[in-house]
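Here are some notes on the model, as numbered points. Please read them with the coordinates open.

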Amino acid sequence: MNPLLRVRAEGQQVWLDNLSRTLLNEGHLARLIAADGIAGVTTNPAIFHKAIAGGRYYEEDLARLKGEAIDAETRYERLVIPDVQRACDLLRPLFDESGGNAGYVSLEVSPALAHDAARTVAAGMRLKHAVGRDNVLIKVPATPAGIEAIEQLTAHGVSVNVTLMFSLAHVDAVAEAYLRGLAAWQQAGGEVGRVMSVASLFLSRVDTLLDRQLGEIGSDAALALRGKSAVAMAKLAYLRYRERFHGAAFAKLRSAGARPQLMLWASTGTKNPAYSDLMYVEPLIGPETVNTLPDATLAALGDHGTVARTLDRDVDAARVQFAALEGLGIDMTAAGKRLQDEGLRQFEEAFAGLLELTA
């Protein structure tokens, strides 16, 4: 069996971390959905910058939009929202077949709003209505203001993909915001089963930072820990997911039809060429999760992936890894904050580049 379909048989959704008119117009996304079981699409400012800058299918629409008296951000949205709508429509049969558990496409609010909860909520509501599809997820970063916005958007029945999570502290704060928002939506008479959420935990960047710190420490004990921190974090995050969403904290909402907030593995392209190209895929396969893959990692999985339920294996080793990092003075919460700040700056730069393209 196709390795991607075997992953799906283990209960994990594979999403594509890419979207462009080339993928849409030339039928590649449709083929991935039909043949490989791709169950969703994620986007971000960097993805759309690459698509618009290098894609011939945008030239005519961009030239027309530049003739209209609108700002650069509005032009950008008018370029990409039709792409998001088309991807949503391609995935709509899966969305319907799965009862709303799969078949989503993500669209991110402006990174410039990451520290402004009220404007993030307003932008999220506006983008949801502009796309006008039940299977759109609004992407919001897990900054302090973003976490407030996640709660408020959920309380308004908006489905959210939480992005830029880099620590277990982020995992906990985001899950609690989702639970509060769902409870408020239910209290207001909303149908909790119509809300979906994923919590995107970024992986490769964690190892990039921690491997550097471990190398600076330089002891044999430190060097032996390299390349293991991100997978350990994901396994511990999944353990917390299971405890929270299959435990008493979620029981009442679950009985009312609410969906758990699925863990999503993001930043899954291996940065270090010394490591396996599937190091953020093969060890993290398990039910009720999502892995969003860039094109190269998706191709690697299809070509030589080994598929088995691995996510809940070696949890004790993950605990030992975290304890060893702490023993060396590495603060994972502080590392997560640093990585979130860096990731946000990268998205801000990509978004600024997008607005230069559409100015």
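1. Y104, S106 and E108 point one way from β3, V105 and L107 point the other way, and all are buried (buried means under 20% relative accessible area, exposed over 50%, partly exposed in between, with a 1.4 Å probe and protein chains only). With 5 of the 5 residues of β3 (residues 104-108) buried, this strand is largely enclosed by the rest of the structure. Helices (H or I, at least four residues) and strands (E, at least two) are DSSP runs, numbered from the N terminus.

2. On provenance: this is a predicted model, in which local features need pLDDT of at least 70 and side-chain atom pairs count only at pLDDT 80 or more, while totals for chains, interfaces and linings use all residues. Residues are numbered from 1 along each chain as its sequence is written, and side-chain values use heavy atoms, with hydrogens and water left out.

3. Strand β2 (residues 40-41) runs parallel to β3 and is joined to it by 2 bridges; two strands pair if DSSP finds at least two bridges between them. G40 has Y104 as its bridge partner in β3. β3 also pairs with β4 in the parallel sense, over 4 bridges, and there E108 stands opposite K139. From β3 the chain crosses through helix α7 (residues 117-131) to β4, in a right-handed β-α-β crossover. Right-handed means that, with the strands pointing away from the viewer, the path from the first strand over the helix to the second runs clockwise.

4. Is strand β5 enclosed or open? Since 6 of the 6 residues of β5 (residues 160-165) are buried, the strand is largely enclosed by the rest of the structure. β5 pairs in the parallel sense with β4 (residues 136-141) over 4 bridges, where V160 is the bridge partner of I138. The pairing of β5 with β6 (residues 197-202) is likewise parallel, over 4 bridges, and V160 stands opposite S197 in β6. The chain gets from β5 to β6 through helix α9 (residues 168-187), by a right-handed crossover. A right-handed β-α-β unit is also made by β4, helix α8 (residues 144-155) and β5.

5. The buried residues of helix α14 (residues 295-304) are T297, L298, A300 and L301. Seen down the axis of α14, they fall within an arc of 160°, so they line one face of the helix; the arc is that of the directions from the helix axis to the C-beta atoms. A296, A299 and D303 are exposed on the other side of α14.

6. The largest pocket has a volume of about 580 Å³. On a 1 Å grid over the protein atoms alone, a pocket is an open set with protein on both sides within 12 Å along at least five of seven lines, a cavity is a set of points where a 1.4 Å probe fits but cannot get out, and lining residues have an atom within 4 Å of a point. Grid points are joined across faces, edges and corners, and a volume is the space filled by probe spheres set on the points. Of the 31 residues lining the largest pocket, D17, N44, A46, I47 and P294 lie nearest its centre. Helix α4 gives the most to this lining, with 5 residues.

7. There is 1 cavity of 30 Å³ or more, and the largest cavity holds about 40 Å³ of space. Its lining includes M165, V171, Y241 and R244, and α12 gives the most, with 3 residues.
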